[in-house]
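Subject: Structure handover and what was found in it

Dear colleague,

Below is the structure I promised to pass on to you.

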Amino acid sequence: MPHVVIEYSRGAGERVPIEALSTAVHRCIRDGGVVKPKAVRTFAREATFSCVADEHPQNHFIQIIIRMAPGRSLETKQQLVRATLQAARAAAAPAISEGRLGLRVDLYESDPALAVQESTLD
């Protein structure tokens, strides 16, 4: 933990380098000193269908969801989401400057009583 899910509207990958954005986000969280570096898991997925705002075909969004175990202060979590947004913003800068792109980061805490896992990763 944490697990990072990057969801983006259909076609957003044509405007934003999703692999670069995903790697930047992953490294930001992994190297930020808030979590165990070997615990970070990141993946991205494109929506097979999406409607954004007024449904203009050039409207796109990228939603970054961080799910992690509880135990960090509100300030630490806020710093993490701000740093994550900054990393994503840097990767998406050209598309942001063109407009019609929404970018959001949310952090959710997982309930350890309702999660089970098994891993052979170090």
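A residue is called buried when its relative accessible area is under 20%, exposed when that area is over 50%, and partly exposed in between. Arginine 15, with a relative accessible area of 18%, is therefore buried. Please keep in mind throughout that this is a predicted model.

The overall fold

The chain contains three helices and four strands, and from the N terminus on its elements follow the order β-α-β-β-α-α-β. Its radius of gyration is 15 Å, close to the 14 Å that the globule rule gives for 122 residues, so the chain is as compact as a globular protein of that length. Along its principal axes, the C-alpha trace spans about 40 × 25 × 25 Å. Of the 122 residues, 34% count as buried, and the chain exposes about 7700 Å², of which carbon and sulfur atoms supply 51%. When contacts between residues at least 6 apart in sequence are considered, 82% of them join residues at least 24 apart.

Helix α1 covers residues 18–30, and its 13 residues reach 18 Å from the first C-alpha to the last, close to the 18 Å expected at 1.5 Å a residue. Its buried residues are Ile18, Leu21, Ser22, Val25, His26, Cys28 and Ile29. Seen down the axis of α1, these buried residues fall within an arc of 165°, so they line one face of the helix.

Helix α2 has 18 residues and reaches 26 Å from its first C-alpha to its last, close to the 26 Å expected at 1.5 Å a residue. Here the buried residues are Lys77, Leu80, Val81, Thr84, Ala87, Ala88 and Ala91. They cover an arc of only 125° around the axis, which puts them on the same side of α2. These buried residues pack against α1, β3, α3 (93–98) and β4 (101–109), whereas the face turned away from the buried side carries the exposed residues Leu74, Glu75, Gln86 and Ala90.

Salt bridges

The structure holds five salt bridges, and I describe some of them here. One of them joins glutamate 98 to arginine 15, with the closest N and O atoms 3.6 Å apart. Glutamate 98 lies in helix α3 and arginine 15 in the loop between β1 and α1, so the pair ties together parts that are 83 residues apart in sequence. While arginine 15 is buried, glutamate 98 counts as exposed, at 60% relative accessibility.

Another salt bridge links aspartate 31 with arginine 30, where the closest N and O atoms are 2.7 Å apart. Aspartate 31 is exposed, with a relative accessible area of 52%, and arginine 30 counts as partly exposed at 27% relative accessibility.

The side chains of arginine 104 and aspartate 106 also meet in a salt bridge, at 2.7 Å from N to O. In this pair, arginine 104 is partly exposed, with a relative accessible area of 48%, but aspartate 106 is buried, with a relative accessible area of 14%.

Two backbone details

Alanine 53 has a phi near 50°, a positive value in a residue other than glycine. This alanine 53 is placed in the loop between β2 and β3 and is exposed, with a relative accessible area of 72%. Arginine 100, although not a glycine, has a positive phi of about 60°. Arginine 100 lies in the loop between α3 and β4 and is partly exposed, with a relative accessible area of 39%.

Technical notes
Residues numbered from 1 in each chain as written. Predicted model: local features only at pLDDT ≥ 70, side-chain atom pairs only at ≥ 80, totals over all residues. Heavy atoms only, no water. Expected span 1.5 Å × (residues − 1). Buried < 20%, exposed > 50% of the residue type's maximum accessible area, 1.4 Å probe, protein only. Arc of directions from axis to C-beta. Rg over C-alpha atoms; globule rule 2.2 N^0.38 Å. Contact = heavy atoms within 4.5 Å. Areas by Shrake-Rupley, 256 points an atom, 1.4 Å probe, with all protein chains shown as cover. Salt bridge = Lys/Arg side-chain N within 4 Å of Asp/Glu carboxyl O.
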